[in-house]
Each structure stands twice: as structure tokens, then as C-alpha cells.
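Colleague: I have just opened this one and would like to walk through it with you. Could you start with a single residue and then widen the view?

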Amino acid sequence: ASANGDTINIVESVVAFRFNQADVEASQMASIEHVANYLKDNPSAKILITGYASPEGSLEFNQQLSQKRADTVKSILMQQYNISADRITAEGKGIGDIFPQQPDWNRLSICIIDGAE
């Protein structure tokens with residue numbers, strides 16, 4: 001909630017990936033559909049998709065992989081759900097440290113919708 005008492009709705013969804021992969025498995029599609037449905041119901045909302053990778057491999061490789069993961073989720077939202085590209089920001093953050101005790105869990109894209117009504 002903001003200081004002036006207005007409620008700020010933020011919807012977050014996580015899409016997990018297999019090692020060294022940027023394709024979305026069928027088991028992860030529910031997370032993307034959840035986001036797509038929200039975007040359809042809230043036409044002014046925008047989404048930030050942040051891709052991450054686990055620590056194996058070079059920094060450059062993981063930067064590219066994390067960007068591919070974010071881009072894959074963006075393209076699914078655009079192609080399968082007709083969400084406009086100008087509502088979606090996709091960025092790769094390289095190696096994630098969200099789960100420092102479980103590095104494998106950092107193979108993910110986090111979708112955060114802001115500007116919700």
C-alpha cells in the first residue's frame with residue numbers, strides 16, 4: 001500500500017526453466033496464463049519480465065541465457081495471448097541470487113505486473 005492509502009496491486013508469477021534451457025515447459029504455462037489473463041483484464045497494466053540463470057558457465061553465457069528466458073516468456077504473451085509488445089519489458093539479469101542456498105532454483109523468469117487497477 002502506498003503512503004496516501006491507495007492500494008497498489010502487484011501480481012507476481014514465476015516461470016522455472018531446466019538447466020541450460022530457455023524454452024517453457026507445459027508445466028509452467030499456467031504461470032504465464034495467469035499473467036496474461038490479468039493483463040487482459042487490466043488494459044493499462046504493464047509487465048516486467050526478469051530472467052535469471054544459475055551459476056554454472058560463464059557470466060556472458062548466463063547473461064544471454066537469462067535474456068533468452070525473459071524474451072521467451074514475452075513472446076508467448078505476445079503470440080499466444082495477443083498482449084501488445086509495448087506493455088512488456090523483458091530483461092536478463094544474468095546469474096540470479098534469489099535462492100543463494102539452492103542455486104539451481106535461480107533458473108527462472110519472474111513476471112511482475114505493475115500499474116494494476
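Modeller: Gladly. Leaving aside neighbours within four places in sequence, Ile 88 is in contact (heavy atoms within 4.5 Å) with Ile 47, Ile 49, Lys 74, Leu 77, Met 78 and Ile 83. Please keep in mind that this is a predicted model, in which local features need pLDDT of at least 70 and side-chain atom pairs count only at pLDDT 80 or more, while totals for chains, interfaces and linings use all residues. Residues are numbered from 1 along each chain as its sequence is written, and side-chain values use heavy atoms, with hydrogens and water left out.

Colleague: Where is Ile 88 found, and is Ile 88 buried or exposed?

Modeller: Ile 88 is found in strand β3, residues 88-95, where strands (E, at least two residues) and helices (H or I, at least four) are DSSP runs numbered from the N terminus. Ile 88 has a relative accessible area of 4%, so it counts as buried, a word that means under 20%, with exposed over 50% and partly exposed in between (1.4 Å probe, protein chains only).

Colleague: And Ile 49, which residues does that one touch?

Modeller: Not counting residues up to four places away in sequence, Ile 49 touches a list of residues including Val 73, Leu 77, Ile 88, Ile 110 and Cys 111.

Colleague: How many residues are in the largest nonpolar core?

Modeller: That core has 22 residues, and Ile 49 is among those with the most contacts inside it, as are Ile 47, Val 73 and Leu 77. A nonpolar core here is a set of buried Ala, Val, Leu, Ile, Met, Phe, Trp, Tyr and Cys residues joined through side-chain atoms within 4.5 Å.

Colleague: Which element gives the largest share of this core?

Modeller: The largest share, 6 residues, comes from α1.

Colleague: Changing topic, how do α1 and α2 cross?

Modeller: The axes of α1 (residues 29-41) and α2 (residues 59-81) come within 10 Å and cross at roughly 60°, and the two helices are therefore oblique to each other. The contact is made by residues that include Ile 32, Val 35 and Ala 36 of α1 and Val 73, Ile 76 and Leu 77 of α2.

Colleague: Last one, how many helices and strands does the protein chain have?

Modeller: The protein chain has 2 helices and 4 strands, and from the N terminus on its elements run β-α-β-α-β-β. Buried residues make up 41% of the 117 residues in the protein chain.

Methods:
Axes are lines fitted to C-alpha atoms, for helices over the stretch in contact, and angles run from 0 to 180 degrees between N-to-C directions. Angles under 35 degrees count as roughly parallel, over 145 as roughly antiparallel, 65 to 115 as roughly perpendicular and the rest as oblique.
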